[in-house]
Each structure stands twice: as structure tokens, then as C-alpha cells.
Amino acid sequence: MVSDLAALVRERQPCVVLTGAGISTESGIPDFRSPSGIWAEYDPMEYGTIAAFRRDPVKVWEFYALRFQMLSTAEPNAGHLALADLEHRGLVEAVVTQNVDGLHQRAGSRRVVEVHGNLREARCAGCGTLGPIEEMAAVLRAGALPRCGRCGGLRRPNVVLFEELLPASAYEQAEAACRECGVLLVVGSSLEVHPVAGLPVLAVERGARLIIVNREETACDALADLVLRGEAGTVLPEIVRAAEGAAALPAG
């Protein structure tokens, strides 16, 4: 099965990768919707919506400060490193990710489209000015709310909260990549969150092959040419090894 996957990636270029929380759980970052996920402990309506932020920004900031602290100690795993390796070999065109942890970039991936924002930055809710989230965490520890030095507006984590639209530019890039790809490789996403869950459908409608690597069933398994059950950190390095083996074969 992995050899079939590697063959599709080589032969049906360009290959675009769509990743979800499942690729980062192997780095010690909890997902959201599993029984042991973040929302099992924290009510998303209390901590993860724009209405919650407007109602009690201190509470929401404290939650995201804890998440930032956890992400800052996490390291890219073998799955992240394998995708970066495949990109460097010219076999992956782009990574579209639902994750906000920045681990793809730290692993060495260069073209990463973050459709749910990121937790490296804070954004002014008024003028949109961005700043490092570490600075906001220091302000919180001092007992104040982070405010914009430009307009005085309240700063917020630069992530997409419930009830918000995705960043238009990022989602347009993701759509364009999926519309033009020959293979869409989905890794670690249950494909339950829209509009990102519609990207595999778009890719298939445009003639792409769909490959899914996930521990559990996804909403798009029936559309896929290949479905591999397993950990990203196990399956993706096998694709790299298969690619190395193919490159070592004599031409003709």
C-alpha cells in the first residue's frame, strides 16, 4: 500500500498535503474532538468562540496562553519531517494545514498555508496589527490585557475562533492548490470541519487522486483512491524511503 501511495505521489504531480490535528498528536499536542482532546476538558463555547472573547477576554487569553506554552515545548515529529523531506525532493508542492502549532515550518516545510491561523502571533482586534504572542503572554503575566501599541485596541490570538470566517487569502490559496493538484494527500484530519472538509471533494471533482492517512475513519474515505490506517510518523517516512528507492533505480 505504501509503495502504491509513493507511486501516485511521484506520478500524479503536483502533490498537495492537507494536515489536521492527528499529525501533531505524536508531538504531544492534544487534538480537539477525541475523548481525551482539548474540548473534553474545556467547553469550546466558553473558551473558543469570538463571543467568549468579547465577553471575557481574560478567560480566553489564559486558555490560549496555556496552549502557547504547550506548543512552545513541542517538537516536529517524524511525520512533519517526512513531509518537509518530500517537499525538498520536489514531490510535495504545498502543505495546507488546519493546525496552528507551526511545526511544519519548524520541520523545514517552506510553502505552508495556515487556514486556521497560527499561535505564533497576536492580532489587534481593531486595526489588525500583528505581534509576537510571547510579548502578549508577558503582559498577561503582569496582570494586564494585551493592547495594540498603534491604536490601543485589544489584541487577540491570531487563530480562527468558532463563529469566525477563515482568513480569505489563506483559504483562497488552499482552494487554488487543491483545484490544481494531481494528488491530495490528507494526513491526520477527520475532515469534519468545514469549509476545509470540502477541499478533498473539490480536488476529486477536478480529477485529483485522493489519499488519506489517518488512524480512524474520515468523512471522505469513500472518495479516496487509497486509505492507510496508521500514525503519520510511521507511514510518511515509509513514503520517503520508497521515494529514495525509486530514485536509486537505474533509468530505463
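Select leucine 191 to begin: at 3% relative accessibility, leucine 191 counts as buried (buried means under 20% relative accessible area, exposed over 50%, and partly exposed in between, using a 1.4 Å probe and protein chains only). Leucine 191 sits in the loop between S7 and H10. Helices (H or I, at least four residues) and strands (E, at least two) are DSSP runs, numbered from the N terminus. Now look at the backbone: phi of leucine 191 is near 60 degrees, which is a positive value in a residue other than glycine.

A word about what you have open: this is a predicted model, in which local features need pLDDT of at least 70 and side-chain atom pairs count only at pLDDT 80 or more, while totals for chains, interfaces and linings use all residues. Residues are numbered from 1 along each chain as its sequence is written, and side-chain values use heavy atoms, with hydrogens and water left out.

**Second stop: another positive phi**

Jump to glutamate 163, in the loop between strand S6 (155-159) and helix H9 (168-180). Phi of glutamate 163 is near 80 degrees, again a positive value in a residue other than glycine. Is glutamate 163 buried or exposed? Glutamate 163 counts as exposed, at 57% relative accessibility.

Select proline 195, in the loop between S7 and helix H10 (199-205). The peptide bond leading from histidine 194 to proline 195 is cis, with omega near 10 degrees. Then move to proline 14, in the loop between H1 and S1. Here the bond from glutamine 13 to proline 14 is cis, with omega near -5 degrees.

From here, step into the interior. A nonpolar core is a set of buried Ala, Val, Leu, Ile, Met, Phe, Trp, Tyr and Cys residues joined through side-chain atoms within 4.5 Å. The largest one has 27 residues, and those with the most contacts inside it are Leu5, Val17, Leu185, Val187, Ile211 and Leu236.

Zoom in on valine 17. Leaving aside neighbours within four places in sequence, valine 17 is in contact (heavy atoms within 4.5 Å) with Leu83, Val92, Ala94, Val95, Val96, Leu185 and Val187. Apart from this core lies another, of 24 residues, with Val16, Cys181, Val196 and Leu202 among them.

Valine 115 is in the loop between strand S3 (112-114) and strand S4 (117-124). At 0% relative accessibility, valine 115 counts as buried. Not counting residues up to four places away in sequence, valine 115 touches several residues, including Val96, Val160, Leu166, Tyr171 and Val196. Draw a distance from valine 115 to valine 96: these two are 19 residues apart along the chain, and their C-alpha atoms are separated by 7.1 Å.

Next, find histidine 104 in helix H7 (residues 103-107). Histidine 104 is buried, with a relative accessible area of 1%. Among the residues it touches, beyond those up to four places away in sequence, are Thr19, Ile23, His80 and Val112.

Show helix H5 (residues 57-73) and helix H8 (residues 133-141), whose axes come within 11 Å and cross at roughly 125 degrees. Axes are lines fitted to C-alpha atoms, for helices over the stretch in contact, and angles run from 0 to 180 degrees between N-to-C directions. H5 and H8 are therefore oblique to each other; angles under 35 degrees count as roughly parallel, over 145 as roughly antiparallel, 65 to 115 as roughly perpendicular and the rest as oblique. To see the contact, select Trp61, Ala65 and Phe68 of H5, together with Ile133, Glu134, Met136 and Leu140 of H8.

Stay on helix H8 to find alanine 137. Alanine 137 counts as buried, at 12% relative accessibility.

**Last stop: alanine 144**

Finish in the loop between H8 and S6, where alanine 144 is found. Alanine 144 counts as partly exposed, at 38% relative accessibility. Alanine 144 and valine 58 are 86 residues apart in sequence, and 8.7 Å apart in space from C-alpha to C-alpha.
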